[in-house]
Amino acid sequence: MSARLQKDAVLRQSFAVPVEFPVIFTRGLFDPANPVLLKAVRRMGERRRHRVAVFVDAGVWRAHPALARRIRAYFAAHTGALELVAPPQRVPGGEKAKRDAALVGRLLARFQAWRLCRHSFVVAVGGGAVLDAVGLAAALFHRGLRLIRVPTTVLAQNDVGVGVKNAVNWRGVKNLVGTFSPPFAVLNDSDFLAALPDRDWIGGIAEAFKVALIRDARFFRWLSARASQLRARDRAAMEELIRRCAALHLDHIRGGGDPFETGRARPLDFGHWVAHKLEAMTGFRIGHGQAVAIGLMLDSGYARRKGWLKAAELRAIRSGLLRSGFTLWHPALAARDGRGRLKILRGLEDFREHLGGELWVTYPLGIGRRHEVGEVESACVEECVRALSPGRRASARKAATPRPQQIRSRM
Ligand SMILES: NC(=O)c1ccc[n+]([C@@H]2O[C@H](COP(=O)([O-])OP(=O)(O)OC[C@H]3O[C@@H](n4cnc5c(N)ncnc54)[C@H](O)[C@@H]3O)[C@@H](O)[C@H]2O)c1
Ligand SMILES: [Zn+2]
């Protein structure tokens, strides 16, 4: 080898891997007569008998006591094409699934005991947290099993489920450990939504507002017009919300130019620096959707103060979120550290770290459009927090309410 080659030689490598997965909307997924799951497993045209392991969110298991039996009956009815490697397995639901990273280790041990291979399927039935934890284990084992997501909350169906990533929390830091791994298929069964508690029914509406605010003014108007109907659990309206929101997410990931988030900005994280911090500060007692709603409101308030939103637009955002059932305040927003600084501001530092040292925060620029900003003024965030606080709003209302003699003088 010449000395020159040793010093400067560079071999270049470049290839693209096409990513393709269906997102299918159905009802009665585990009814043996419903072909959706079978077709999804066979979508590559392979005719062999497929090995499948099924994991079910404990909350879903509780709400649907007959589910495990129905899943077994489904596989029994298709035994020529599908092999259920073990009875459906229950996994802790909600943030518990992500908080205990040891769960991933336990899942890997099961995969190994069942001798799953890269052609085997893992079906994860559950909310976003279970999809994240089971998805991470599936992505790690043999460098990636085939993951079929069956999201069971609104948020999981319109956001987490159609995305290309997973994560668990690590030493108290949300989503610190995870991978980018597109699923093999996503099967959204709206029958699961009926048993959701109200908190999780409305949770996904916040993500719909998020994506509408930065990408689609028409969808924002649609959401605002149906907010009360959605909150009152109108199933048809919710199914439409989920389809439209999922489509916007898919478009964004496909066309946004950065599906694996290597660039500087994270538009889909609009409102999330606040949300993630609030979740951590409250020990995850606040739901993700509720935290996102507060984050959207705070960052929209910031956008208004900077002139990126009009007053009427801010009012429309507030009204839409309130009528959807969200509370736009949490006492943790006002918590201060020993130096008197708002603790929530630490969320910006976490976000900066997450982005690799440079801060880029997405804000609406009018409803339906967005821009990224490299600096966030703490003093302005302080004002936005004050503006949201119930005490401040009550005194603002009092000040705005004409006194009795003023009313008389107008009559
Ligand atoms: N990977 C991503 O791209 C991504 C994106 C957004 C959010 N997330 C994550 O998703 C998680 C939030 O997900 P979520 O809002 O779906 O909530 P969740 O997964 O925390 O579930 C909330 C609760 O609902 C229960 N549950 C789930 N489905 C049910 C059903 N059909 N009936 C009755 N109970 C049911 C669960 O057991 C749990 O107790 C957070 O951890 C968040 O970080 C991930
Ligand atoms: Zn979110």
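Where does ligand 1 lie relative to domain 1 (23–196) and domain 2 (200–397)? Both domains give residues to the shell around ligand 1, so the ligand lies between them.

The model is predicted. Its chain has a mean pLDDT of 93, and 94% of the residues reach 70 or more. Residues 402–411 have pLDDT below 50, and beyond near neighbours in sequence this stretch has one contact in the model.

**Ligand shell**

There are 32 residues around ligand 1, and those that come nearest are Gly-59, Gly-93, Gly-94, Gly-127 and Gly-128. Two or more shell residues come from each of helix H3 (58–63), helix H7 (128–140), helix H8 (154–160), strand E7 (165–170), helix H9 (198–215) and helix H13 (288–305).

The domain assignment of the chain gives domain 1 (23–196) and domain 2 (200–397). Taken over C-alpha atoms, the centres of the two domains are separated by 28 Å. Domain 1 puts 19 residues into the contact, and domain 2 puts in 25 residues. On the side of domain 1 that touches domain 2, strand E1 (23–26), H8 and strand E8 (173–180) each supply at least two residues. H8 gives the most to this side, with five residues. Helix H8 is also among the elements that give two or more residues to the shell around ligand 1.

Technical notes. Residues numbered from 1 in each chain as written. Chains lettered and ligands numbered in written order. Predicted model: local features only at pLDDT ≥ 70, side-chain atom pairs only at ≥ 80, totals over all residues. pLDDT = per-residue confidence, 0-100. Contact = placed C-beta atoms within 7 Å. Near = placed C-beta within 6 Å. Helix = DSSP H or I, 4+ residues; strand = E, 2+ residues; numbered from the N terminus. Domains from an automatic or database assignment.
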